[in-house]
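Keep the structure in view while reading.

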Amino acid sequence: MNLLDRKNTICQYHKLLMAISMLLVFLFCGEITTHAVEYTVSDVTMVLYTTDQAGLYTEPDLQAVPVMNLEANLPMQVTGTTSNGWFRVDLNGVYYIPGYALTDMTMVQQPVAAPYVAPVYAHQLTYRVNSIEEAQAAREEAATKHAGSITVYTDTLTFYSIYDVFSEMMRSSVLNYGTANIHSVYVRGGRGKFTITYDYLSTVEEEVFTEAAVAMLVPYFNTGSTYDKVLQVHDYICGDVNYSYETAQGVAGFDFRSAYDAINSKMTVCSGYALFFQKFMDQMGIPCYIAAGKVNGVEHAWNIVNIDGQWYHIDCTNDDLGNGVARDFFLRGSSYAGDTWGGIAISKTDYGK
């Protein structure tokens, strides 16, 4: 696919994402009236592509009004076929598309989309943590599940190192929360405990939208080597998102800080760039974390990513030139922002050096 085709396809996705945004408001705030039809469903798993006649329905019934009309050539995760000739699809919920409106990739040459699994949300989570790796995993899962608070138990031998990891991870507005506070600290008799409460940058509905939007875009970047995949996502974000100077300066009415703001409004600050990049890496299965701290004396958020067994800094915010894309902060070694982050050793040299 050449650059022009890719840009056109991504533009089609942006139109669809806006329609999904309106649909989510409708789903969470209103009611959908469906027609009663009789049918059975057989479970299948496949990826098919929309034709120019594709409509999205809440029931497999042409007498119903479609929720939206879809652009052509979009990958759809099919989860079933109905006895009356429809496909059941997973698009952040169960919907149906007429059988004539989907085709396979021999007709439309597009990359295959990985199955999208909607996130599960929780109010409070509890973890038993005994290593830095377990601490990192717990922090990631808690943010993904939009937990209001988490309680961490550990033993006294590892308590302070685990506590330091969580403290370092919470220096800035990253991993979808605006603030995170540690309290109820307890160390006694060989055991330690502390609780963290979160104030999030985006709502559950916005997270649902963002995860689904990223799932649709992933197939267009998930090709080639790990380096190729990371580079394509980096260049897309740096070229498509704009830095919100008004948010950074605290201008009233400007509060663009999340991954949702990056995909929906195309405006955010460093936390949103890092969150947006992280969501792509998570869905593509590439080891990655959000980092936070001071760079050149300024509070900042960026990412660290693992390629070929080595960890590197990657900073989409500073590579967004506004009118172009730079790679000055792409896969940097420890000279950019330190030898370690969250207990992870960073490569001494930039990638390829």
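At what angle do helix H5 and helix H8 pack, and how far apart are their axes?

## Helix packing

The model is predicted. In it, H5 (residues 226-240) and H8 (residues 270-284) pack at an angle of about 150 degrees. Their axes lie 11 Å apart. The crossing of H5 past H8 is right-handed.

H5 brings Lys229, Val230, Val233, His234, Tyr236 and Ile237 to the contact. H8 brings Tyr273, Phe276, Phe277, Phe280, Met281 and Met284. By class, the contact holds 10 nonpolar residues, one polar and one charged.

## Cysteines

How many disulfides does the structure hold? The count is zero. Take Cys238: the closest cysteine sulfur to its own belongs to Cys316, at 4.4 Å. That is too far for a bond, because a disulfide needs the two sulfur atoms within 2.5 Å. From the side of Cys316, the closest cysteine sulfur is in Cys238, again at 4.4 Å.

Are these two cysteines buried or exposed? Cys238 is buried, at 1% relative accessibility. Cys316 is buried too, with a relative accessible area of 2%.

## His313

Where does His313 lie? His313 is part of strand E16, which spans residues 310-314. Its relative accessible area is 0%, so His313 counts as buried.

Which residue does the side chain of His313 contact? The His313 side chain makes a polar contact with the side chain of Trp302, at 2.9 Å.

Definitions and conventions
Residues numbered from 1 in each chain as written. Predicted model: local features only at pLDDT ≥ 70, side-chain atom pairs only at ≥ 80, totals over all residues. Heavy atoms only, no water. Buried < 20%, exposed > 50% of the residue type's maximum accessible area, 1.4 Å probe, protein only. Helix = DSSP H or I, 4+ residues; strand = E, 2+ residues; numbered from the N terminus. Polar contact = N/O pair within 3.5 Å; in protein donor to acceptor, adjacent residues only side chain to side chain. Axes fitted to C-alpha atoms, helices over the stretch in contact; angles between N-to-C directions. Left-handed = near helix turned anticlockwise from the far one by under 90°. Contact = heavy atoms within 4.5 Å. Nonpolar A, V, L, I, M, F, W, Y, C, P; charged D, E, K, R; others polar.
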